[in-house]
Amino acid sequence: MLRPGWDSHSGRLRRPREEYMDTENYVMRTAEAIGLTIPSACAQGTLRGFDRLAQMAAVVLAHQLADETESAQIFSLDHE
Amino acid sequence: MMAVSERALDIAGRVAQGELRAADVLEATLAALPAAAHYNCFTAVTAARAREEAEAIDRRRSRGEALGPLAGVPFAVKNLFDVEGLPTLAGSRINANRAPAIRDAFAIRRLSAAGAVLVGTLNMEEYAYGFTTENAHYGATRNPHDPSRIAGGSSGGSAAAVAAGTVPFALGSDTNGSIRVPAALCGIFGVKPTFGRLSRTGAFPFAPSFDHIGHFARSVTDLAAVYDALLGHDPDDPVSVQRENEPVLPTLSRGIDGLRIAMATGPDFDSFLEPGMRADVEALCQCLGATARVEMRDAAVARAAAFVITAAESSNLHIANLKSRLFDFDPSTRDKFLAGALLPSHWVIQAQRVRRHYLRTMLDVVFANTDVLIAPCTPFPATPIGQDAVTVNGKTVPLRPSLGLFVQPLSFIGLPVVSVPISRSKGLPTGVQIIARPWREDDAFRIAAYLEKEGLVSAPVPPVAASIAGEPIKP
């Protein structure tokens, strides 16, 4: 399930912006919550990086799997 | 007399026959390194240790003892491998403060046991996160075919050192394409084995659930000989599988009879590949009699999932330093780690589900009727150092992530791949991937050997680099 506010196709936040946190707020608040400081010198690069990952995640989330409850266990080819 | 740039098995054969001393091979190699510094491959030279190892080999030979298959062959390693007595840099400034490694990485121990002589460590992208080896701390590694251009990455120092003829082979690592991309851009052979085949113990991790080690060489036989020397289960690496050693060197002469070979196609393969490079791939397929085409339908989603998992796993490894030493990171790596540390967990977990689904699709559908796939390594040849964007077929895209377009969907599910170089008489070299089923590296090696024998793939040392590395060894 997507968190309310995320658009599964674009990977970006749904509009209107005021209804939900925007990307910058999400990035800054989450960083603060886990004890990371994002100085102004890093902010633009971090936001750009997060936006790129959000676009990739959108592709992943839009992909239909036969079994959405399948385990995401650690990858191994041992038994293949 | 021989040139420094000779191949590994030629050197080992002559050392074993007593035509050359390992110490002489080593001194000729060390003498060529200062001139090769222009390419910025090496970050440390281990001359004292190498001299001890070479002299030990010569003493063993004089006593009539058997020598290993790589006796006296100089090699170097990406600087994420532990080398006893050196801090393991992994391309970073932060790791320069680490205590020196107390033991060589497993792979180096295997090669030393085979008689190879370690001469140094090699430049790379910081923490292996990138495809260009433009390292903010240690400088950009230059491509021996055109020093104004990138060597590719993240194992750029390893690829450039081999391509320039300074060492016959080098170790690298491949998480999203970090062996195959620089192998292609530098015009040499590379191998990324099945996930779990070769031990990673003592190799600094990047994204542990798909980190592989592998290596580069200038011939298929050298690539195979080094691969065979590296084989062996290692209980210290949790993903190292317990299988019988399956050496590939004895299989190289078998030809390609019986192998079902197909060319990979798909939206990205069709639209985002320079026309000349597409012709290269088709020429290889024609030589192999491969008329079948297989559409890599979900390659884009596989690549997207690889990006997400890579960001999450790699960032997790560096949280402490992101809090305490943020400005000691390479700026381009730093911002990617910061972004990756903030990913919602369901993005990552869903990416893992996609990974298992994609693996099943590849095994049950693609490899049900095919033994080996042929695909390009990169969409374009080496670009100028410092370039950020590239235009292919009229479309301008960011350069760095685009280099992984054709390689990421494969390492993502751990498939074995041999990268073969296409040397162009005019222009820069490129590379083609030979992709096999899990644990069937032998199939990929057989095809590489066939193509080399037919003259379609080769890794000549560029003339300028050859003049640097070509000083004869005086026995």
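Q: Which residues does B:Leu33 touch, not counting residues up to four places away in sequence?
A: This is a predicted model. B:Leu33 has its place in helix H2 of chain B. Leave out the residues up to four places away in sequence, and B:Leu33 touches B:Phe42, B:Val45 and B:Thr166.

Q: Is B:Leu33 buried or exposed?
A: Look at the relative accessibility, which is 10% for B:Leu33. Buried means under 20%. B:Leu33 therefore counts as buried.

Q: What distance separates the C-alpha atoms of B:Leu33 and B:Val45?
A: B:Val45 is one of the residues that B:Leu33 touches. The two are 12 residues apart along the chain. Their C-alpha atoms are separated by 8.9 Å.

Q: Are H2(B) and H3(B) roughly parallel or roughly antiparallel to each other?
A: Two packed helices are described by the angle between their axes and the distance between the axes. The axes of helix H2 (residues 22-36) and helix H3 (residues 47-62) of chain B come within 7 Å. They cross at roughly 155°. Angles over 145 degrees count as roughly antiparallel, so H2(B) and H3(B) are roughly antiparallel.

Q: How many helices and strands does chain A have?
A: Chain A holds 80 residues, and buried residues make up 35% of them. The accessible surface of the chain comes to about 5000 Å², with 50% belonging to carbon and sulfur atoms. The count for chain A is 2 helices and 0 strands.

Q: Are H2(A) and H10(B) oblique or roughly antiparallel to each other?
A: Helix H2 (residues 40-62) of chain A packs with helix H10 (residues 299-317) of chain B. Their axes are 8 Å apart, at an angle of about 130°. Roughly antiparallel needs an angle over 145 degrees, and roughly perpendicular runs from 65 to 115. H2(A) and H10(B) are therefore oblique.

Q: By class, what residues does the contact of H2(A) with H10(B) have?
A: H2(A) passes H10(B) in a left-handed crossing. A:Leu53, A:Met56, A:Ala57, A:Val59 and A:Val60 of H2(A) take part, and the residues from H10(B) include B:Arg303, B:Phe307 and B:Val308. By class, the contact has 12 nonpolar, no polar and 1 charged.

Q: Which residues of helix H4 of chain B are buried?
A: Start with the cover over the buried residues of H4(B). It includes H3, strand S3 (74-78), strand S4 (117-122), strand S9 (169-174), strand S11 (212-217) and helix H7 (220-230) of chain B. Within H4 (residues 106-113), the buried residues are B:Phe106, B:Ala107, B:Ile108 and B:Leu111.

Q: Is B:Asp280 buried or exposed?
A: B:Asp280 lies in helix H9 (residues 275-288) of chain B. Leaving aside neighbours within four places in sequence, B:Asp280 is in contact with B:Ile422, B:Arg424 and B:Thr430. The relative accessible area of B:Asp280 is 15%. Under 20% means buried, so B:Asp280 is buried.

Q: Is B:Lys395 buried or exposed?
A: B:Lys395 belongs to strand S16 (residues 395-398) of chain B. Beyond the residues up to four places away, B:Lys395 touches B:Phe272 and B:Val390. The relative accessibility of B:Lys395 is 52%. Exposed means over 50%, so B:Lys395 counts as exposed.

Q: What is the value of omega for the cis peptide bond that joins B:Gly153 and B:Ser154?
A: B:Ser154 is found in the loop between strand S8 (146-150) and helix H5 (156-163) of chain B. A cis peptide bond joins B:Gly153 and B:Ser154, with omega at about 10°.

Q: What is the relative accessibility of B:Thr133?
A: B:Thr133 is in the loop between S4 and strand S5 (134-135) of chain B. Phi of B:Thr133 is near 55°, a positive value in a residue other than glycine. B:Thr133 counts as buried, at a relative accessibility of 0%.

Q: Phi of B:Trp439 is near what value?
A: The loop between strand S18 (430-436) and helix H16 (441-453) of chain B holds B:Trp439. B:Trp439 counts as buried, at 4% relative accessibility. Phi is positive in B:Trp439, a residue other than glycine, and is near 70°.

Key. Residues are numbered from 1 along each chain as its sequence is written. Chains are lettered from A and ligands numbered from 1 in the order in which they are written. This is a predicted model: local features need pLDDT of at least 70, side-chain atom pairs count only at pLDDT 80 or more; totals for chains, interfaces and linings use all residues. Side-chain values use heavy atoms; hydrogens and water are left out. Axes are lines fitted to C-alpha atoms, for helices over the stretch in contact, and angles run from 0 to 180 degrees between N-to-C directions. Helices (H or I, at least four residues) and strands (E, at least two) are DSSP runs, numbered from the N terminus. Angles under 35 degrees count as roughly parallel, over 145 as roughly antiparallel, 65 to 115 as roughly perpendicular and the rest as oblique. Buried means under 20% relative accessible area, exposed over 50%, partly exposed in between (1.4 Å probe, protein chains only). Accessible areas come from the Shrake-Rupley method with a 1.4 Å probe; for residues, only the protein chains shown count as cover. A crossing is left-handed if the near helix is turned anticlockwise from the far one by less than a right angle, and right-handed if clockwise. Contact means heavy atoms within 4.5 Å. Ala, Val, Leu, Ile, Met, Phe, Trp, Tyr, Cys and Pro count as nonpolar, Asp, Glu, Lys and Arg as charged, and the others, Gly among them, as polar.
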